[in-house]
Amino acid sequence: MTRNTMKVAVFAGDGIGPEIMAEALRVLDALNLQGLELTEGLVGGAAYRAKGHPLPPETLEIAKASDCILFGSVGDFSLDNLERPLRPEQAILGLRKEMKLFANMRPAKVYKGLEHMSSLKPEVAEKIDLLIVREANGDVYFGNKGIRVLPDGRRQGFDDMSYAEDEVRRVAHTAFRTAMGRRKKLCSIDKANVLDTSQLWREVIIETSKEYPDVELSHMYVDNAAMQLVKDPGQFDTIVTGNMFGDILSDQASMCVGSIGLLASATMAEGTYGLYEPIHGSAPDIAGKGIANPMAQILSTAMMLRHSFALEAEAKRIEAAVEKALADGVMGGDLGGKAGTREIGDAVLARL
Ligand code: NAD
């Protein structure tokens, strides 16, 4: 599916957000895509300062009128004393809710020459090339919760874990489609030996798999998955899991890669609408210095082209250019190198 127009909401945000977004937009511009329309909007602390809210109505309107969102990062320590709904990070939560974004996708890959960044042995780390699809709108985080007092006077904390079958099915479809575009292997991670929620999760995943006969499906318990991710991460291609297990495993996978300035992510709604952003934050400690690594933002752009616009060849072009720049030794401070933001942008552009 290629479209006549491709409308992208561009929300750069705070801190290093605008600096790294500028490089991502240069890369996008160089591809000369027909029908691409970019509309910029304010989010996070920048929006709060200008409009009094981290996700002002005009920004939300831009998001709704677009096919996807390219997001920088939000966060501003000087605003951390604001009441919670006005804090910069609320922009992401607000967009997730308003745009019904429910499937978080995080690729984790170790690039040649960067094996030493991983906390794993280089010969184990070099095989990492996986993607975790995490359900992001349900599970124990969204269930009935509280702290109650039992008849005998003891306090008891509780959080209900539940998944309705349609919630599992929609993330299953996202995961199977994603696996189809990769090595066609999907591992579903649950705790079906103990949790009924996981039992239903597994049943629905198996039912959905009938529609994707080309994808090889396997199942793994979450405790074993945590071990396998550090023992032999090369065995994984695409992983699908619930909100809490995915929260933990995706951070674990990021550390297995090691380089925060290289990790992109997407949060998808039903269909092809998605929000694409680096996994790192606004890095206030280095903002304005011209030294932030823009690669995660550039790789987020590649994910956007792949998942929202089905432009696989263009996505691969960007990823190959980043990989080549790294192989040629172009590295930012986060990777122990000396290249600045603009220099890294130039290096990727030169290799497109
Ligand atoms: P952070 O990810 O911003 O920074 C952690 C460390 O990594 C810092 O030393 C930073 O300089 C470095 N770093 C991050 N990205 C880098 C890049 N592209 N190039 C080079 N170095 C990079 O996390 P933090 O310091 O804990 O949080 C800062 C702010 O960001 C907070 O306000 C936090 O709430 C927010 N945050 C936002 C998001 C998001 O927008 N999705 C995610 C995480 C944190």
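**View 1. Helices α1 and α12 in the predicted model**. Helix α1 covers residues 17–30, and helix α12 covers residues 341–350. Their axes come within 10 Å of each other. They cross at roughly 15 degrees. Angles under 35 degrees count as roughly parallel, so α1 is roughly parallel to α12. The crossing of this pair, α1 and α12, is right-handed.

**View 2. Helices α10 and α11 packed together**. Two packed helices are described by the angle between their axes and the distance between the axes. Helix α10 runs over residues 295–309. Helix α11 takes up residues 312–327. The angle here is about 160 degrees, and the axes lie 7 Å apart. Angles over 145 degrees count as roughly antiparallel, so α10 and α11 are roughly antiparallel to each other. Is their crossing left-handed or right-handed? The crossing of α10 and α11 is left-handed.

**View 3. The shell of residues around the ligand**. The ligand is surrounded by 21 residues. The closest are E89, G281, A283, D285 and N293. What kinds of residues make up the shell? It divides into 10 nonpolar, six polar and five charged residues.

**View 4. Polar side-chain atoms at the ligand**. In the side chain of D285, an N or O atom is 2.9 Å from an oxygen atom of the ligand. D285 is also among the closest residues of the shell. E277 places a polar side-chain atom 3.2 Å from a nitrogen atom of the ligand. For H280, a polar side-chain atom likewise lies 3.2 Å from a nitrogen atom of the ligand. How much of the ligand does the protein bury? Taken alone, the ligand exposes 810 Å², and the protein buries 72% of that.

Technical notes. Residues are numbered from 1 along each chain as its sequence is written. This is a predicted model: local features need pLDDT of at least 70, side-chain atom pairs count only at pLDDT 80 or more; totals for chains, interfaces and linings use all residues. Side-chain values use heavy atoms; hydrogens and water are left out. A residue is near a molecule or strand if one of its heavy atoms lies within 4 Å of it. A polar contact is a pair of N or O atoms within 3.5 Å; within protein, one must be able to donate a hydrogen and the other to accept it, and residues adjacent in sequence count only if both atoms are side-chain atoms. Accessible areas come from the Shrake-Rupley method with a 1.4 Å probe; for residues, only the protein chains shown count as cover. Ala, Val, Leu, Ile, Met, Phe, Trp, Tyr, Cys and Pro count as nonpolar, Asp, Glu, Lys and Arg as charged, and the others, Gly among them, as polar. Axes are lines fitted to C-alpha atoms, for helices over the stretch in contact, and angles run from 0 to 180 degrees between N-to-C directions. Helices (H or I, at least four residues) and strands (E, at least two) are DSSP runs, numbered from the N terminus. Angles under 35 degrees count as roughly parallel, over 145 as roughly antiparallel, 65 to 115 as roughly perpendicular and the rest as oblique. A crossing is left-handed if the near helix is turned anticlockwise from the far one by less than a right angle, and right-handed if clockwise.
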